[in-house]
Amino acid sequence: MTVVIGFEGSANKIGIGIIRDGEVLSNPRRTYITPPGQGFLPSDTARHHRAFILTVLKEALEQAGLKPADIDCVAYTKGPGMGAPLVTVALVARTVAQLWGKPLLGVNHCIGHIEMGRLITKANNPTVLYVSGGNTQVIAYSERRYRIFGETIDIAVGNCLDRFARVIKISNDPSPGYNIEQMAKKGSQYVELPYTVKGMDVSFSGILSYIEDAAHKMLSSGQCTAEDLCFSLQETLFSMLVEITERAMAHCGSQEVLIVGGVGCNLRLQEMMGVMCKERGAKLFATDERFCIDNGAMIAQAGWEMFRSGQVTELEDSWITQRYRTDEVEVTWRD
């Protein structure tokens, strides 16, 4: 039995999870929430993580019913993500590994999402749509790499939603994306927005600029409601994502789609992707907020796969990197 503890803190969630041979033993986390209209700054987020990380570590061990001696490996998020929060978590993981006398493993955040999705849904070899606050990529596995077939050329889809939420002062509790999703259910009028797909890639900055500029004019003149704008933004963004995912499926001859990342628990995105999959005779795999949203167990699961295939990170190599591409990692644990 191999037991791996995973530390995640690349954005506004601090999470620590423990995995034992495919079983999630514990997965507590805390979220840094800012007032409506505000984003989260790296320095403030790091301060939040420092305040809670030892409490969350204690919770993770207690919920799993384990002692440090029972852990075989300590995994942490190497990147991508926000610099200050990543450094905070990496320092604690390095310290814990040395105190406990355990091997250390730096994990790619995106691959953590993919491996957690594969574990929970039992998807075999899916085309992956990875959508979060910091990343938007269409990925498929080939020849020991997770290859990126399409991605955003500017901002991530989650960042687009978050920044729109700030414009119309939507609450950040529990998350701006979740609150936009709930408001969108009450929207009925579709407001046409720019639709920007460039081959296999997407662009969201123009849509954001357009809706930021138009929102106050349209709302103050009564042309539409805030709910209509939430509905329209979701429909447009998700249509673009479904289009590039379908194109990647056709290219790879794939009959499975796996949605991962924080935006992946949006039920409207799952519904739209499900319609496309049904038309192609394909299967859709998705998870809920326990495993879609950043969490420690996903880092533990990727670490478990890496550790079992013989990988470790030497202490002198245990840095972080804010830009860590999904396709930079050699996938030694898959055929």
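For my notes on linings, Ala, Val, Leu, Ile, Met, Phe, Trp, Tyr, Cys and Pro count as nonpolar, Asp, Glu, Lys and Arg as charged, and the others, Gly among them, as polar. One more reminder to myself: this is a predicted model.

**Entry 1: the cavity**

A search of the whole structure turns up one cavity of 30 Å³ or more. The space inside the largest cavity comes to about 30 Å³. Two elements, H3 and helix H9 (289-292), each give two or more residues to its lining.

Which residues line the largest cavity? I wrote down His113, Met116, Gly117, Val260, Gly261, Thr287, Phe291 and Cys292. H3 is the biggest contributor to this lining, with three residues. Sorted by class, the lining of the largest cavity holds four nonpolar, four polar and no charged residues.

**Entry 2: a pocket**

Next I looked at open space. The second largest pocket has a volume of about 210 Å³. Its lining is made of 13 residues, and Lys78, Gly106, Gln311, Thr313 and Tyr324 are the ones that lie nearest the centre. I sorted this lining as well: six residues are nonpolar, three polar and four charged.

**Entry 3: cysteines**

How many disulfides does the structure hold? I found zero disulfides. Cys73 is in no disulfide, and the nearest cysteine sulfur, in Cys110, is 19 Å away. I then turned to Cys110 itself. Its sulfur is 14 Å from the closest cysteine sulfur, that of Cys292, which is too far for a bond. I needed the cut-off here: a disulfide is a pair of cysteine sulfur atoms within 2.5 Å.

I checked helix H2 from end to end. H2 has 18 residues and reaches 26 Å from its first C-alpha to its last, close to the 26 Å expected at 1.5 Å a residue.

Which residues of H2 are buried? My list reads Gly83, Pro85, Leu86, Thr88, Val89, Ala90, Val92, Ala93, Val96, Ala97 and Trp100. The cover over these buried residues includes strand E1 (3-8), strand E2 (13-20), helix H1 (42-64), E5 and strand E6 (104-108). A general point to keep beside that list: an α-helix has 3.6 residues a turn, so residues three or four places apart point the same way. After H2 comes Gly101, with a positive phi near 70°.

Just after H7 sits Gly253, and its phi is positive, about 65°.

Where are the cis peptide bonds I noted? One runs from Gly79 to Pro80, with omega near -5°. Pro80 is in the loop between strand E5 (73-79) and helix H2 (83-100). Another cis bond runs from Asp173 to Pro174, with omega near 0°. Pro174 belongs to the loop between helix H4 (157-167) and helix H5 (176-184).

Then I looked up positive phi values. Lys122 is not a glycine, yet its phi is positive, near 65°. Lys122 lies in the loop between helix H3 (109-121) and strand E7 (127-131), and it is exposed, with a relative accessible area of 64%.

Glu143 also has a positive phi, about 50°, without being a glycine. I placed Glu143 in the loop between strand E8 (136-142) and strand E9 (145-151). Glu143 counts as exposed, at 68% relative accessibility.

**Entry 4: Gly158**

Is Gly158 buried or exposed? Gly158 is buried, with a relative accessible area of 4%. I needed the cut-off for that: buried means under 20% relative accessible area.

What does Gly158 touch, leaving aside residues up to four places away in sequence? I noted Ser132, Gly133 and Val263. I also took one distance: Gly158 and Ala215 are 57 residues apart in sequence and 18 Å apart in space, C-alpha to C-alpha.

Conventions: Residues are numbered from 1 along each chain as its sequence is written. This is a predicted model: local features need pLDDT of at least 70, side-chain atom pairs count only at pLDDT 80 or more; totals for chains, interfaces and linings use all residues. Side-chain values use heavy atoms; hydrogens and water are left out. Helices (H or I, at least four residues) and strands (E, at least two) are DSSP runs, numbered from the N terminus. Buried means under 20% relative accessible area, exposed over 50%, partly exposed in between (1.4 Å probe, protein chains only). Contact means heavy atoms within 4.5 Å. On a 1 Å grid over the protein atoms alone, a cavity is a set of points where a 1.4 Å probe fits but cannot get out, and a pocket is an open set with protein on both sides within 12 Å along at least five of seven lines; lining residues have an atom within 4 Å of a point. Grid points are joined across faces, edges and corners, and a volume is the space filled by probe spheres set on the points. The expected span of a helix is 1.5 Å times one less than its number of residues.
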